[in-house]
Amino acid sequence: MPQTARKQEPSSGGRRWDRPVLLVCAVSALVVGLASPAHTSQQAWGLIGAAGYACAALLAARSSTPWARSPAVVAVVGAAVLPLLYLSVIGKAQMEVGVVERAADLLFSSGTPYHSAPHAVRDFNPYLPGMALFGIPHLMFGDTPFAGARLWFLAGFLASVAGAVRVLTRGGDLGTGTRGISRGVSGPTGALWLLACPVVALPLAIGGVDPPVIGLLCLALAFTQRGRAGRAGLAVGVAAALKWTAWPAIPVIVAVLAVRGGKRPAFTCAAVATGIAALTITPAVLVDPGAFCQNVVLYPLGLGPTASSAQSPLLGYLIVLLFPHGKAVTTALIALSAVGVGTSLLVRPPRSIVAAGDRLALGLLLAIALSPATRIGYAVYPIVLIAWPRFTARLAEDRPAGHRPPGEPPHRRRIPEPPLVRSGASS
């Protein structure tokens with residue numbers, strides 16, 4: 001029979017998803033750009049990012065390798081690097097950048113990063129005290145190109161993700177492929193695809209505060225995957241010192257460590273994480289408890305005198321809008337969902353990093369949907385927590401045979417017993 005001249009693509013274990021995913025990203029970015037108000041950072045990101053994703057999709061269409069590195073690089077440059085450079089040049093950023101930079105000023109002038117009598121939305125700082133550290137370079141060097149808090153949000157995220165990849169691939173081949181969806185994807189390439197995700201690229205470009213928090217959670221999950229309880233507690237503790245959204249990760253990671261290693265690593269992780277968070281938060285509470293409560297507790301929940309600017313038409317916002325005593329209802333629903341997820345950790349604790357990411361994503365999804373003051377952009381948490389552990393769980397299996405990371409107990413080789421020698425007469 002005559003052979004066809006058409007060259008077949010190598011099998012990738014099923015339908016290729018990188019091409020349609022990039023097209024969906026391009027359309028989504030374009031929608032953001034067209035729907036955003038004129039002359040805003042979101043509009044600039046959407047229009048520039050849509051072109052970047054379209055170029056990446058064209059490059060992926062010409063590539064025979066699914067989830068290749070070249071389309072990921074193009075997507076990252078088009079959706080994160082170019083918008084970031086453009087917005088930095090024209091001086092536009094998310095409001096959070098100014099909030100964090102002013103928090104650093106207040107921290108060094110008054111001992112607390114919180115305004116004692118906030119009135120306007122810009123006066124409120126809904127983040128935990130550790131977030132003010134990202135504003136210190138601006139305090140020291142002013143409006144220089146590399147002093148803005150936006151760049152340090154990016155640096156914190158990149159350092160955390162690079163650390164997570166390093167933990168999972170230490171001693172292994174960074175170019176080794178993995179199975180399933182990540183077949184042929186190395187550690188650095190997987191990190192590039194994470195950066196290219198629109199819910200990550202958008203806050204990185206416009207100056208969102210969530211990327212360093214989610215990056216530290218990825219690092220904490222990587223340490224948990226390797227069984228390093230102390231370092232997992234350190235990473236999640238630093239994240240918990242930045243924002244409330246990291247706190248649900250502490251009991252989830254502790255539950256995984258308890259199932260896999262027993263009480264001792266679970267207690268170590270819990271002690272380190274809560275200790276770091278407490279040491280960071282306690283001074284601000286002691287200096288001005290009223291300011292802390294107004295900024296960090298009441299304002300994010302929508303219970304303060306000034307409405308939060310973080311509003312999206314999700315369930316919590318609609319309950320407050322349509323029902324009497326809606327704020328009390330949403331607060332009660334958030335508390336009930338937290339109790340439900342906490343109970344599930346006791347009844348059926350997660351036994352893997354993938355299960356831990358799913359459980360944490362569920363808890364955060366409920367909190368995001370039920371909170372009266374939230375943003376669609378908070379979807380970065382559940383999306384990354386669902387996707388990243390599935391990649392890293394496979395990546396962790398790719399170390400060479402016989403490689404043992406530091407801290408992991410060696411496998412004892414079984415020594416064969418000598419043949420039994422019978423005494424007395426032979427049979």
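**Figure 1. Helix 12, end to end.** At 1.5 Å a residue, the 25 residues of helix 12 should span 36 Å, and its end C-alpha atoms are 36 Å apart, which agrees. The expected span is 1.5 Å times one less than the number of residues. Helices are DSSP runs (H or I, at least four residues), numbered from the N terminus. The model is predicted: local features need pLDDT of at least 70, side-chain atom pairs count only at pLDDT 80 or more, and totals for chains, interfaces and linings use all residues. Residues are numbered from 1 along each chain as its sequence is written, and side-chain values use heavy atoms, leaving out hydrogens and water.

Figure 2. Helix 12 has a kink of about 30° at Ile281, shortly before the proline Pro283. The bend is the angle between axes fitted to the seven residues ending at a residue and the seven starting there. Buried means under 20% relative accessible area, exposed over 50%, partly exposed in between (1.4 Å probe, protein chains only).

Figure 3. Asp288 sits in the loop between helix 12 (263-287) and helix 13 (289-301). Its relative accessibility is 22%, so Asp288 counts as partly exposed. Gly111 is 177 residues away in sequence, yet the two C-alpha atoms are 9.0 Å apart.

**Figure 4. The largest nonpolar core.** This core has 89 residues, and Trp45, Tyr53 and Met131 have the most contacts inside it. Helix 9 (residues 210-225) gives the most, with 10 residues. A separate core of 7 residues includes Tyr114, Ala284, Ala291 and Val296. A nonpolar core is a set of buried Ala, Val, Leu, Ile, Met, Phe, Trp, Tyr and Cys residues joined through side-chain atoms within 4.5 Å.

**Figure 5. Surroundings of Trp45.** Not counting residues up to four places away in sequence, Trp45 touches Ala29, Val32, Ala50, Tyr53, Ala79, Pro83, Pro198, Ala201, Leu202, Ala205 and Ile206. Contact means heavy atoms within 4.5 Å.

**Figure 6. The Trp67 and Trp193 pair.** The structure holds 5 aromatic pairs. In this one, the ring centres of Trp67 and Trp193 lie 4.9 Å apart with planes at 80°, so the pair is edge-to-face. Rings of Phe, Tyr and Trp (its six-membered ring) pair if their centres lie within 6.5 Å; planes under 30 degrees apart count as stacked, over 60 as edge-to-face and the rest as tilted. Trp67 lies in the loop between helix 2 (41-61) and helix 3 (69-90), and Trp193 in helix 7 (residues 187-196), 126 residues apart. Trp67 counts as buried at 17% relative accessibility, and Trp193 at 12%.

Key
Helices (H or I, at least four residues) and strands (E, at least two) are DSSP runs, numbered from the N terminus.
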